[in-house]
Amino acid sequence: MGSPNSSRGLSRPELLTWIVGLVAVVLLPFLVKNYVVFQFTLVWVYAIAILGLNILTGYNGQISLGHGAFYAVGAYTAAILMELASVPYWLTLPLAAVICFAVGFLMGFPALRLEGHYLALATFALAVAMPQLLKWKMIEGWTGGVQGIVLMKPEPLFTFSLFGQKMNDDRWLYFVCLLVMLLMFWLARNLLQGRVGRALIAIRDHPTAAAAMGINLPVFKSLTFGVSAAFTGVAGALGAIVVAFVAPDSFIALLSITFLVGCVVGGLASIHGAIFGALFIQFIPNVADQISKSAPWAVYGIFLIVFMYVMPFGVAGLLQKLSYRWKTRNVGR
């Protein structure tokens with residue numbers, strides 16, 4: 001939800017922060033090695049998926065443990081179109097969004113009768129079943145079965161060098177994913193900071209009152225599921241292109257739980273919080289593995305507990321709190 005001051009534009013410190021941040025993410029791929037570039041590319045991909053889940057869970061209050069399935073559908077849509085139909089990689093993104101919107105919209109109908117942990121279990125069942133569905137012999141000719149599908153990474157449209165680093169495939173995909181992420185965040189912001197966003201929050205907080213005000217709950221809930229799945233499908237398509245490989249065992253149920261963790265850590269009902277959540281799920285497991293090779297998941301759990309204790313409303317909530325204190329202190333002066 002936008003605040004009344006959002007229409008006045010950004011303050012100078014906020015504008016300077018955005019400019020410095022933009023320059024940093026543009027120069028980053030030319031200052032680090034290819035593997036780090038690959039890691040940050042996945043951050044942009046995961047941020048889109050977490051944003052899609054946040055639209056559903058954070059803004060509409062529908063808990064989903066099955067968004068890894070939508071991510072898989074988007075990934076396989078891109079892989080099948082690129083491998084079997086020679087569709088350009090950029091064209092697979094809107095097609096994956098359309099297909100995942102349809103799947104998510106259909107999934108939204110059972111959600112009309114389920115709430116809370118019942119809905120979570122229903123969506124979790126979809127996440128558990130997805131790897132087995134992808135191995136189904138009836139569609140093995142398309143999905144590649146257990147072997148999966150190997151893709152070719154797209155080549156950059158142009159090449160140049162900066163700081164002695166050449167614009168290669170990995171750096172090109174970094175900028176493609178960054179651009180798509182910014183576009184998806186812009187679409188989400190326009191969607192959620194208007195009447196639609198207020199309707200979703202009203203359904204989340206007071207469904208009876210929302211229905212009394214004339215909000216069509218079944219339509220909004222189903223459409224929200226569809227839009228959320230579409231965002232996650234775009235992320236899945238980008239993920240398939242970046243990794244250049246898809247296989248059923250890449251989309252286990254843990255992926256859905258990971259997205260939910262990123263959503264909560266970043267901050268529920270926060271658009272930019274998705275980036276912080278993506279950074280967490282991408283880098284904290286690596287940090288945990290470096291700390292303890294024998295029990296990395298135990299270390300990961302400790303990190304998660306500390307994050308939730310220090311930032312119960314997520315990273316975005318903490319930043320909002322600090323920003324409010326800084327502004328009120330300046331006003332007091």
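Ala, Val, Leu, Ile, Met, Phe, Trp, Tyr, Cys and Pro count here as nonpolar, Asp, Glu, Lys and Arg as charged, and the others, Gly among them, as polar. The model is predicted, so local features need pLDDT of at least 70 and side-chain atom pairs count only at pLDDT 80 or more, while totals for chains, interfaces and linings use all residues. Residues are numbered from 1 along each chain as its sequence is written, and side-chain values use heavy atoms, without hydrogens and water.

A cavity is a set of points on a 1 Å grid over the protein atoms alone where a 1.4 Å probe fits but cannot get out; a pocket is an open set with protein on both sides within 12 Å along at least five of seven lines; lining residues have an atom within 4 Å of a point. Volume is the space filled by probe spheres set on the points, which are joined across faces, edges and corners.

The whole structure holds 1 cavity of 30 Å³ or more. Its lining consists of Val37, Phe38, Thr41, Lys153, Asp170, Leu173 and Val242.

For the second largest pocket, Tyr46, Leu255, Thr258, Ile281 and Gln282 lie nearest the centre among 31 lining residues.

| Space | Volume | Lining by class |
|---|---|---|
| Largest cavity | about 30 Å³ | 4 nonpolar, 1 polar, 2 charged residues |
| Second largest pocket | about 800 Å³ | 23 nonpolar, 6 polar, 2 charged residues |
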